[in-house]
Amino acid sequence: MSDLQPLVDGWLAHLAVERGRSGNTLSAYRRDAGKYLAWLATQGIGDLGEVTPHDVAAFQRRLAEGDADHPPLAASSIARTIAAVRSLHQFALSDGVTGTDAAARVSPPRLGRRLPKALTIEQVRRLLDGCDPSTVDGLLESALLELLYGTGARISEVCGLDVDEVTRALADPDAGLRLFGKGSKERVVPLGGYARAALDAWLVRGRPERARRARSAVPALLLNARGRRLSRQSAWAIVEAAGERAGIEHLGPHSLRHSYATHLLEGGADVRVVQELLGHASVTTTQIYTLVTVDHLREVYRTAHPRARGA
């Protein structure tokens, strides 16, 4: 084990307890830190206090260029890895392990702005209408898809739902559904009629059959074939398969979240309201969806207005 491993463990514990980072984020940061420690070892560096800004910059170049044993990483992966390295160095400085922050001035690569790809209303309708309510798998698929599109929830938020929370929301037509997002931040989102119907069908006709296969009681709302909580990976596979059946290639859960936000804005919702519904900490994150709707309006204008294309 590296001499720096206890420091990494302390840093991850700090992120979990003090910053409320999710398990997925912590796992990614642990892997990123592992890459960094391994690279430092190849440079003969065993103490974080020995690291210089030049060393951190050299590590970033290695991530971008790759070598015989490591293929080059995408800019987004490099950005996350360098963010982890910067956070580790900040923690070491604040904890008195080092006297300077060697990573403070090393900037991650700038990422090009990628606009979210939203489905059309017709694609959403085709996707949701393709669920088979006569089978348990179809009931599960319907509940999952209606939740993702009807609430804008992240896949981890949906898979983390328990029955008690959902039944409370279903009991009151005016009640919303509590979701717990990044950093365990809580928000309440409206639960529309289609999502309510799909959830009710799943709870009455689908979930009991799956629950009987479990060795012990499971509180989770969505259950897999063994009666256990549906994993993010399995939920992703369900969404992708439903998309292929509806003629939508490479459909992922986040596309439904993008579609939820875009369709709300196209329908006249205020960006601040959409921010709250999505659980974004900053409205700047939400405003990217306004660019999607502007692009859509521009395309409609170009194709529909008689004088849009010039003489």
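Visitor: Which residues line the second largest pocket?
Guide: This is a predicted model. In it, the second largest pocket is lined by Ile121, Val124, Arg125, Leu128, Asp129, Glu146, Tyr149, Gly150, Gly192, Gly193, Tyr194 and Ala195.
Visitor: Which elements give two or more residues to that lining?
Guide: Those are α5 (121–129), α6 and α9 (193–211).
Visitor: And which gives the most?
Guide: α5 does, with five residues.
Visitor: How does the lining of the second largest pocket divide by class?
Guide: Six lining residues are nonpolar, three are polar and three are charged.
Visitor: How much space lies in the second largest pocket?
Guide: About 290 Å³.
Visitor: OK, α6 came up there. At what angle does α6 pack with α10?
Guide: About 95°. The axes of α6 (residues 136–151) and α10 (residues 232–245) are 10 Å apart.
Visitor: Why do α6 and α10 count as roughly perpendicular?
Guide: Angles of 65 to 115 degrees count as roughly perpendicular. The angle here is about 95°, so α6 and α10 are roughly perpendicular to each other.
Visitor: Which residues make the contact?
Guide: From α6, Leu140, Glu141, Leu144, Leu145 and Leu148. From α10, Ala235, Ile238, Val239, Ala242 and Arg245.
Visitor: What classes are in the contact of α6 with α10?
Guide: Eight residues are nonpolar and two are charged, with no polar ones.
Visitor: Switching to α2 and α4. How do their axes cross?
Guide: At roughly 80°, coming within 9 Å.
Visitor: Which residues of α2 and α4 make the contact?
Guide: α2 uses Ala28, Tyr29, Asp32, Lys35 and Tyr36. α4 uses Arg80, Thr81, Ala83, Ala84, Val85, Leu88 and His89.
Visitor: And how do the residues of that contact divide?
Guide: The contact of α2 with α4 has seven nonpolar, two polar and three charged residues.
Visitor: Now aromatics. How many aromatic pairs are in the whole structure?
Guide: Three. One of them is Trp11 with Tyr29, and that Tyr29 also belongs to the contact of α2 with α4.
Visitor: What are the centre to centre value and the angle between the planes for Trp11 and Tyr29?
Guide: 5.7 Å and 10°, a stacked pair.
Visitor: Where in the chain are the two residues?
Guide: Trp11 is in helix α1 (residues 5–17) and Tyr29 in helix α2 (residues 23–42). They are 18 residues apart, and the pair links distant parts of the chain.
Visitor: Last stop, Asp101. Where does Asp101 lie?
Guide: In the loop between α4 (75–94) and α5.
Visitor: Which residues does Asp101 touch, leaving out those up to four places away in sequence?
Guide: His89, Gln90 and Leu93.
Visitor: And how many residues apart are Asp101 and Leu88?
Guide: 13 in sequence, and 9.5 Å apart in space, C-alpha to C-alpha.

Key:
Residues are numbered from 1 along each chain as its sequence is written. This is a predicted model: local features need pLDDT of at least 70, side-chain atom pairs count only at pLDDT 80 or more; totals for chains, interfaces and linings use all residues. Side-chain values use heavy atoms; hydrogens and water are left out. Axes are lines fitted to C-alpha atoms, for helices over the stretch in contact, and angles run from 0 to 180 degrees between N-to-C directions. Helices (H or I, at least four residues) and strands (E, at least two) are DSSP runs, numbered from the N terminus. Angles under 35 degrees count as roughly parallel, over 145 as roughly antiparallel, 65 to 115 as roughly perpendicular and the rest as oblique. Contact means heavy atoms within 4.5 Å. Ala, Val, Leu, Ile, Met, Phe, Trp, Tyr, Cys and Pro count as nonpolar, Asp, Glu, Lys and Arg as charged, and the others, Gly among them, as polar. On a 1 Å grid over the protein atoms alone, a cavity is a set of points where a 1.4 Å probe fits but cannot get out, and a pocket is an open set with protein on both sides within 12 Å along at least five of seven lines; lining residues have an atom within 4 Å of a point. Grid points are joined across faces, edges and corners, and a volume is the space filled by probe spheres set on the points. Rings of Phe, Tyr and Trp (its six-membered ring) pair if their centres lie within 6.5 Å; planes under 30 degrees apart count as stacked, over 60 as edge-to-face and the rest as tilted.
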